[in-house]
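Me: Hi! I have a new structure open and I'd like to walk through it with you. Could you help me read it?

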Amino acid sequence: MQTGLGHVISKELREKFAQAKSVLVLTGAGVSAESGVPTFRGGGNTVVWKGMPFDVISSAGMLERDLPAVWEWFNYRRNLLESLKPNPAHVAVARWQERFSDFNLVTQNIDGLHQAAGSRDVIELHGSIWRARCLDCGTRHDVRELKFDDGVPACLKCGSYLRPDVILFGEMLPMGAFEAAAKKAESCELCFVVGTSVVVYPAASIPEIARAAGAYLVEVNPERTALSDLCDQVLMGRAGEILPLLG
Ligand code: BJW
Ligand code: ZN
């Protein structure tokens, strides 16, 4: 007998999940929502910080205009993240890597919570809030090793300014990350799209690629998205409640 939310997983999906060998999971901000990380969009709202919409402060243009403000914004979010822990959705996804012979996790998140839950080889499409990158020599540093006395930290190698190692609007994704994710999408049998509004490209094309290549597409989100009509299954609800039901 099924109890609680157990009924949301159909027999067909349970069978696909039991038989699949190659599985790809694409996650977005919603997978971290139950850990306490605010999403960018959803519920009809978008994040605004000090009067600036997030797509203004998290943009390539703002980096050129006001690097200290960009650091202030990321320091604020990093401070929030310090005390947050992975939730049952991160834990379930980390377990899946042991279950399938070919398992790939692609995330748009920069919070590092998948890794904190034990996921390995995560393809981070939008970088990491825990790293900084030199504007001059390109060297990457762990932000926890940097001094922020003057607002903008300096490169430990060459002394030039550092920037957050994240992908802002109008910037190219990290070399090879999208290509690696797209290749895995082309060959997966089962693709989960979890906690993303699927509006930011090129990340949003990953499930489209998987679908076009014949994958069974499952969306997990409390709200419908532009992808919902393309999906074989839409599991409407919170990732931390739904993903553990699959095992
Ligand atoms: C739950 C839940 C729970 C709640 N359980 N779910 C093609 C067409 C049009 C535009 C473009 C295009 N190609 C490129 C562009 C431009 C742009 C873009 O896509 N714009 C669109 C918005 C229109 N893309 C780019 O600029 C990208 N670069 C690029 O394409 O380079 C080539 C290029 C260069 C130069 C010129 C032109 C092209 C880069 C995109 C980088 C995105 N960066 C950000 C910020 C990172 C740094 C930071 O954190 O500040 O990444 S934007 C922001 O959105 C962040 C996220 O990773 C990303 C995606 O958001 P996500 O994860 O989907 O979160 P939300 O909040 O949107 O949704 C949360 C969902 O969770 C909701 O659906 C909720 O319902 C759900 N939810 N609780 C499960 N408990
Ligand atoms: Zn440097």
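This is a predicted model: local features need pLDDT of at least 70, side-chain atom pairs count only at pLDDT 80 or more; totals for chains, interfaces and linings use all residues.

Me: Thanks! Which residues of H7 are buried?
Reply: In H7, which spans residues 177–187, they are Ala177, Phe178, Ala181, Ala182 and Ala185. Buried means under 20% relative accessible area, exposed over 50%, and partly exposed in between (1.4 Å probe, protein chains only).

Me: Why do they sit on the same side of H7?
Reply: Because they cover an arc of only 125° around the axis. That arc is taken from the directions from the helix axis to the C-beta atoms.

Me: And what is on the other side of H7?
Reply: There you find Glu179, Lys183 and Glu186, which are exposed.

Me: New topic: ligand 1. Which residues come nearest?
Reply: Of the 35 residues around ligand 1, those are Arg41, Ser58, Arg77, Thr196 and Ser197. A residue is near if one of its heavy atoms lies within 4 Å.

Me: Which helix gives the most to that shell?
Reply: Helix H4 (residues 67–82), with 3 residues.

Me: How far is the backbone of Ala29 from ligand 1?
Reply: A backbone N or O atom of Ala29 is 2.8 Å from an oxygen atom of ligand 1. For Ile167, a backbone N or O atom lies 2.9 Å from a nitrogen atom of the ligand.

Me: Let's jump to Asp165. Is that one buried or exposed?
Reply: Asp165 is buried, with a relative accessible area of 2%. You can find Asp165 in strand S10 (residues 162–166).

Me: What does the side chain of Asp165 make a polar contact with?
Reply: The side chain of Arg140, at 2.7 Å. A polar contact is a pair of N or O atoms within 3.5 Å; within protein, one must be able to donate a hydrogen and the other to accept it, and residues adjacent in sequence count only if both atoms are side-chain atoms.

Definitions and conventions: Residues are numbered from 1 along each chain as its sequence is written. Chains are lettered from A and ligands numbered from 1 in the order in which they are written. Side-chain values use heavy atoms; hydrogens and water are left out. Helices (H or I, at least four residues) and strands (E, at least two) are DSSP runs, numbered from the N terminus.
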